[in-house]
Amino acid sequence: MDQSLDFIYNHFRDIEKDDLEYVYRGQVTAHLVMNILELAKTNLAKADDTRKMRSRIYYIMGEGLQNITAHQAVADDPADNSAIVVIYKKRHKYIIATGNLMNRDSEAALREKLETINHLDAEGLKELSRETRTLVGFTPEGGASLGLIEMAKRSGNKLDYLIKPVDEAHSYFYLTTEIDISGSDEGGGKTSYTIQDLIDVHENFNKNNYNLSFKGDFDQENLLSLLSILKSGMSETKTRIKLYGVMVELLQNIVKHADNKEGYTGWKAGVFYIKEHDDRFSLMAGNYIDKTKASALAERIERIDSMDSAGLTKEYNKILFNFNNDPVSTGLGFIDIRRKSGSKIEYSIVDAGNGRDFFMAKIDVMKVD
Amino acid sequence: MEPFVKEPTVDTPQVVLDAEKGLFLLARMSLPEDAVEFYAPIIEWFADYCKNPNPQTILEMKLEYFNTASSKQLIQILLLLQGLKDKSDIIINWYYKEIDEDMQGLGEEYSQIINLPFNLIPVAKFDK
């Protein structure tokens, strides 16, 4: 057992139904934007409380993400180049938070735009939106301004931002937009996700070299979105093929075997991280399990971890021909993970109260290209 | 017999089974949430085909990826064909992306555990 995995549970345990936290760090391409929006759309469609706001939230996310692809700059140090995207839902707030590198010579103009937007009321924003629309066709900046104006107008909130110098020529532009879906004024109080939260996440992701994290409901649709995001964020290499295969088995394992969080029937809360090292990627996942199943699971992983490659092949073939046709469990998932990754499965199981445990696993996939 | 044709989705393969035209194809991605349910009619089709097969059966396996749940279903199809050896010339064309060691390895393994001629065919990429 690996105690060091327990941080996963600590980051996770406060999750409530329909909460979602998705973080991506890396290059943002048009294709990736499409995939992130797809993920957001799937989850919006599932949450009970967003019915009226879905198209608005979707629109604001689209504007925020396209803003990055249109304006991200490229620095000399590749470490500074990664953009950060956070989609966060907690109770009745939806937050879209982004950070990207920009050229410092555009800084003053951007600041002025944002200040203008933030000083206008709803009526003023409507007016500015109309004026800017007529200019869009004529200036390249028009489109960007319109995006920001629309985000402010449709969210009904100020655009919270921070511009942080990175080097002589570049700054980092952080922007958060909050959408209140409670439909009442009461919900409009305290901001649940601040610019500082975004900067903290960015620093944490940079320091630990996380590429992606997802905290929310694990079903087949979310699994497919995460796989698409992996595919669009990385070119096709031997390593990506292995990551893809391990990720499918690891996450379908959650989709099929996870227990729901207490009190939330049918909602399979889980968490997933991709972390990059110089020589390998680590995939980490966590989910609730029924306490009575924990010892059998631990035993099974220990047994598979103890096998060498010949032993794994033998076990794989044995189970392959065992046609019990159990739709839930093939018995091959962990063996396949071991065979594809070439690493042992590190795991940890902690007590999560009320007859549940929380199961965490980490798999290293070596870079082979 | 009636052909069985299914368009591909993000998590289920393209399937073309047409005895009259001599087409037997599985292509693209296979990671359905419920592989047993997805493959049941396909296995049923092959079981039917076995009753009155063509003199030659070439199964084109052009799967880019299949999950472990699918592998248990695919092996059942291969076993059905193995049982047909005396009635039909069976060939399994197992395509894999040349950089995909895992699909290559699975093809090699399956060719050893299934008693049928396998052609392992590397491709630079699959047609879309």
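**Note on the predicted two-chain model**

1. In helix α12 of chain A, the residues G333(A), F334(A), I335(A), D336(A), I337(A), R338(A), R339(A), K340(A) and S341(A) are buried; a residue is called buried if 20 or more other C-beta atoms lie within 10 Å of its own, exposed if 12 or fewer do, and partly exposed in between, with C-beta atoms placed from the backbone. The helix α12(A) is thus described as mostly covered, with 9 of its 9 residues buried. Helices (H or I, at least four residues) and strands (E, at least two) are DSSP runs, numbered from the N terminus. After α12(A) comes G342(A), which has a positive phi near 70°.

2. A word on conventions is needed here. This is a predicted model, in which local features need pLDDT of at least 70 and side-chain atom pairs count only at pLDDT 80 or more, while totals for chains, interfaces and linings use all residues. Residues are numbered from 1 along each chain as its sequence is written, and chains are lettered from A and ligands numbered from 1 in the order in which they are written.

3. The two chains meet through 22 residues of chain A and 20 residues of chain B; two residues are in contact if their C-beta atoms, placed from the backbone, lie within 7 Å. On the side of chain A that touches chain B, at least two residues each come from α8 (220-233), α9 (238-257), α11 (309-320) and α12 (333-341) of chain A. The helix α9(A) gives the most to this side, with 9 residues. By class, the side of chain A that touches chain B has 10 nonpolar, 7 polar and 5 charged residues. Here Ala, Val, Leu, Ile, Met, Phe, Trp, Tyr, Cys and Pro count as nonpolar, Asp, Glu, Lys and Arg as charged, and the others, Gly among them, as polar.

4. Two loop residues of chain A deserve attention for their backbone. D18(A) is not a glycine, yet its phi is positive, about 70°; D18(A) lies in the loop between α1 (7-12) and β1 (20-26) of chain A. It is buried, with 21 other C-beta atoms within 10 Å. N209(A), also not a glycine, has a positive phi of about 55° and is placed in the loop between α7 (195-208) and β6 (210-217) of chain A. N209(A) counts as partly exposed because it has 15 C-beta neighbours inside 10 Å.

5. Chain B contains an open sheet of 6 strands in the order β1-β2-β3-β4-β5-β6, with mixed pairing; two strands pair if DSSP finds at least two bridges between them. Its edge strands, β1 (4-6) and β6 (118-123) of chain B, each pair on one side only. From one strand to the next, the twist averages 15°.

6. Within this sheet, β2 (residues 14-18) and β3 (residues 23-30) of chain B pair in the antiparallel sense over 5 bridges. They form a hairpin with 4 residues between them, and G22(B) in the turn has a positive phi of about 70°. D18(B) stands opposite L23(B) in β3(B), and L17(B) has F24(B) as its bridge partner.

7. The strands β3(B) and β4 (residues 56-66) of chain B run parallel and are joined by 7 bridges.

8. In chain B, α1(B) and helix α2 (residues 68-82) pack at an angle of about 5°, with their axes 10 Å apart. Axes are lines fitted to C-alpha atoms, for helices over the stretch in contact, and angles run from 0 to 180 degrees between N-to-C directions. The helices α1(B) and α2(B) are therefore roughly parallel to each other, since angles under 35 degrees count as roughly parallel, over 145 as roughly antiparallel, 65 to 115 as roughly perpendicular and the rest as oblique. The contact of α1(B) with α2(B) has 11 nonpolar, 3 polar and no charged residues.

9. A47(B) belongs to helix α1 of chain B and is partly exposed, with 13 other C-beta atoms within 10 Å. The C-alpha atoms of A47(B) and I77(B) are 8.5 Å apart, although 30 residues separate them along the chain.
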